[in-house]
Amino acid sequence: MLVAVLLAACDSGSSPTAVQSTVKPGSADQLALGRYLTKAADCAACHTSATGAAFAGGVELASPFGKFYGSNITPDKEHGIGKWSADQFYRALHDGVTPDRHLYPAMPYTSYRSMTRADSDAIYAYLMQQKPVAVPSKEADLKFPYNMRFGMMFWNVPFLKNSLSDASVGQSASWQRGQYLSNALGHCAECHTPRGAFGQLDLSKPLGGAALGRVAAPNITPAGLAAVGWNAADLQTFFATGIAPQGSAYGEMFPVVHLSTQYLNKDDLAALSTYLLGDKPLPPEPVKTITADTTELDAGKRLYTAVCAGCHGFQGDGKPHVAVAMKGNSTVRNADPHNLIVAMLDGIEAQKFPGTESLQDMPGFAGQLSDKELAQLSNFLRATWGGQPASITPDQVKALRLTTAH
Ligand code: HEC
Ligand code: HEC
Ligand code: HEC
C-alpha cells in the first residue's frame with residue numbers, strides 16, 4: 001500500500017502549480033495524478049460508504065442543521081456525474097454549483113475553491129475512469145429553513161472566499177505547496193477552524209481548533225502545536241502512519257490519515273508540516289512541572305495503576321503494538337480536557353494503521369468509573385504527564401457523558 005507514489009518522480013520543489021501543467025489531458029500521467037489528488041483531497045471520506053461501492057455516495061454526515069449525504073460521483077449517467085463536462089465538474093468544486101442545483105457547504109467547496117483547474121481536470125479524468133454505479137444519491141435531510149437550497153446563493157455571497165486565511169507565516173516553496181495541500185486539497189480547515197452561527201468558517205481563527213462530533217479537532221496553529229510538543233518530523237510520522245510520540249490519530253482524524261495523508265509522498269508530507277509550523281517553527285515546549293493536591297493525585301494514580309497501566313505502562317511510556325504513551329501525549333497536554341475525558345468515557349474502537357500496525361480497541365470506562373474517579377484520573381494524567389493544572393471537576397465529566405448512568 002505504501003509503495004512510493006507516482007508523483008515522487010515530479011519535482012514538487014518547484015512552484016505548487018507547475019507540477020501539473022506539464023501533464024497531458026487523457027494521458028496515463030494525468031490519471032495517476034488524478035488518483036493521487038483524489039486521495040490528497042479525501043473525496044472517498046464522504047463519497048464512499050462503508051458498505052457501498054467506491055464513490056457511489058451514501059455517507060451520512062451529521063450537522064446541527066440536519067443530515068447530509070455524500071452524492072454518487074461515479075460516472076453513472078443517470079445517478080452519478082457521467083453526463084457532466086470537466087467545466088461543470090470544476091464549477092461544483094469551485095462554486096458549489098452543479099448543472100441543476102446549489103450544493104450545501106457540507107461538500108467542502110469553500111476549501112476546494114482554491115484548487116487549480118488542472119488538478120480539478122485530473123480528478124475528473126480519474127473519476128470518469130471508475131466503475132459507474134447505478135445507485136441514486138440521497139437527498140439531504142435538513143431542518144427548516146436550511147432545507148431550502150436556493151438559500152445557498154445568499155450564503156455564498158458573504159461566506160465563499162477565494163482563499164482561506166493562514167495560521168502560519170512562510171513563503172518557501174515547501175510552505176506554499178503545504179498551504180495548497182492543507183487549505184485546498186486536504187480541507188483541514190473544515191474541521192480545525194471554528195464555525196460561526198451560519199456554519200461558515202471563522203476565518204479570524206484559522207486552524208484554531210473546533211468542536212466537531214464527540215472528539216474535538218485540536219488547535220493546530222504553530223502556537224497550538226508547539227504547546228503540546230509537536231515538531232516537523234513527528235507531524236510527518238503522524239500523517240504517514242497515524243502514530244507518533246505525541247499519540248495516535250482517532251475520532252474523525254483516523255479516516256483522514258487512513259484514506260488520505262498516508263498516501264502523500266515525502267515532499268508533500270514535508271510541505272504539510274512546513275505549512276502548519278511555518279517557515280520558522282516555534283520550538284516544541286517541554287512539559288511543565290505542576291504542583292497539585294497530593295490526595296487527589298494519589299487517588300488518580302491508584303486508578304491509573306489499576307485500570308490503565310496494563311496497556312499504557314506504569315510510567316505512562318506506552319507499550320509498542322499495544323497502546324500509545326500518556327507521557328507527553330498531546331491529548332493529555334491539551335489545556336482543554338474535552339478529548340481526554342471523551343477518550344476515557346467512550347474508548348476508541350480498534351484501528352488499522354498504515355503498514356502492519358493495528359491497535360486493539362481501548363475500552364470505554366463510562367460504565368465502570370464514576371464522574372469523581374474519571375476527574376481524579378484526568379487530574380493525575382494532566383498534572384503528571386501533561387503539564388496542565390489538576391483542575392478537572394466531576395461536573396465536567398458528567399457533562400460529557402452520553403448517558404447519565406452515574
Ligand atoms: C466532507 C465531506 C465531503 C468531501 C471530503 C467531498 N465531498 Fe463532494 N459532496 C459532499 C456532500 C455532502 C455532497 C452533497 C451536497 C448537497 O446535498 O448539496 C457532495 C456533492 C458532490 C458533488 C455533486 C454531485 C451531484 O450529483 O450533484 C460532486 C461532483 C462532488 N461532491 C465531488 C467531490 C469531489 C471530487 C471530492 C474530492 C475532491 C469531494 N466531493 C469531497 C461531501 C463531501
Ligand atoms: C486494553 C488496553 C487499554 C486500556 C486498558 C486503556 N487504554 Fe487508552 N488507549 C489504548 C489504545 C490501543 C489507544 C490508541 C487507540 C487508537 O488510536 O487506535 C488508547 C488511546 C488513549 C487515549 C487517546 C490518546 C491517543 O493519542 O490515542 C487516551 C487519552 C487514553 N487512551 C487514556 C486511557 C486511560 C486514562 C485509561 C484508563 C482509564 C486507558 N486509556 C485504558 C488502549 C488502552
Ligand atoms: C473530518 C475532520 C478532520 C479533518 C478533515 C482533519 N482533521 Fe485533524 N483532527 C481531527 C480530530 C477530531 C482530531 C483529534 C483526534 C486526534 O488527535 O487524532 C485531529 C487531530 C489532528 C492533529 C493532532 C493534534 C494534536 O495536538 O493531537 C493534527 C496534527 C491534525 N489533526 C492535522 C490535520 C491536518 C493537517 C489536516 C488536513 C490534511 C486535518 N487534520 C484534517 C479532525 C480532522
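This is a predicted model: local features need pLDDT of at least 70, side-chain atom pairs count only at pLDDT 80 or more; totals for chains, interfaces and linings use all residues.
Helices here are DSSP runs of H or I with at least four residues, and strands are runs of E with at least two, both numbered from the N terminus. Residues are numbered from 1 along each chain as its sequence is written, and chains are lettered from A and ligands numbered from 1 in the order in which they are written.

The shell of ligand 2 holds 23 residues, and the closest are G247, S248, C308, C311 and M362; a residue is near a molecule if its C-beta atom, placed from the backbone, lies within 6 Å of it. At least two residues of this shell come from each of β5 (247–248), α14 (294–312) and α16 (338–346). By type, the shell has 15 nonpolar residues, 8 polar ones and no charged ones, where Ala, Val, Leu, Ile, Met, Phe, Trp, Tyr, Cys and Pro count as nonpolar, Asp, Glu, Lys and Arg as charged, and the others, Gly among them, as polar.

Now to the domains, whose bounds come from an automatic or database domain assignment. The chain is divided into domain 1 (17–159), domain 2 (173–277) and domain 3 (294–400). Why does ligand 2 lie between domain 2 and domain 3? Both of these domains give residues to its shell, so that is where ligand 2 lies.

Ligand 3 has 28 residues around it, the closest being G186, C188, C191, M253 and S330. Two or more residues of that shell come from each of α9 (189–192), α11 (232–241), α12 (253–259), α13 and α15 (330–333), and α9 gives the most, with 3 residues. This shell divides into 16 nonpolar, 10 polar and 2 charged residues.

Let me turn to the interior. A nonpolar core is a set of buried Ala, Val, Leu, Ile, Met, Phe, Trp, Tyr and Cys residues joined through C-beta atoms within 7 Å, and a residue is buried if 20 or more other C-beta atoms lie within 10 Å of its own, exposed if 12 or fewer, and partly exposed in between. The largest core has 67 residues, of which L37, L185, F239 and L272 touch the most other members. Helix α13 (residues 266–277) gives this core its largest share, 7 residues, and the core lies between domain 1 and domain 2 because both give residues to it. Another core, of 20 residues, lies apart from it and includes A343, F380, I392 and V397.

How many residues of domain 1 are in contact with domain 2? There are 18, and they meet 19 residues of domain 2, contact meaning that two C-beta atoms, placed from the backbone, lie within 7 Å. The side of domain 1 that touches domain 2 divides into 13 nonpolar, 3 polar and 2 charged residues.
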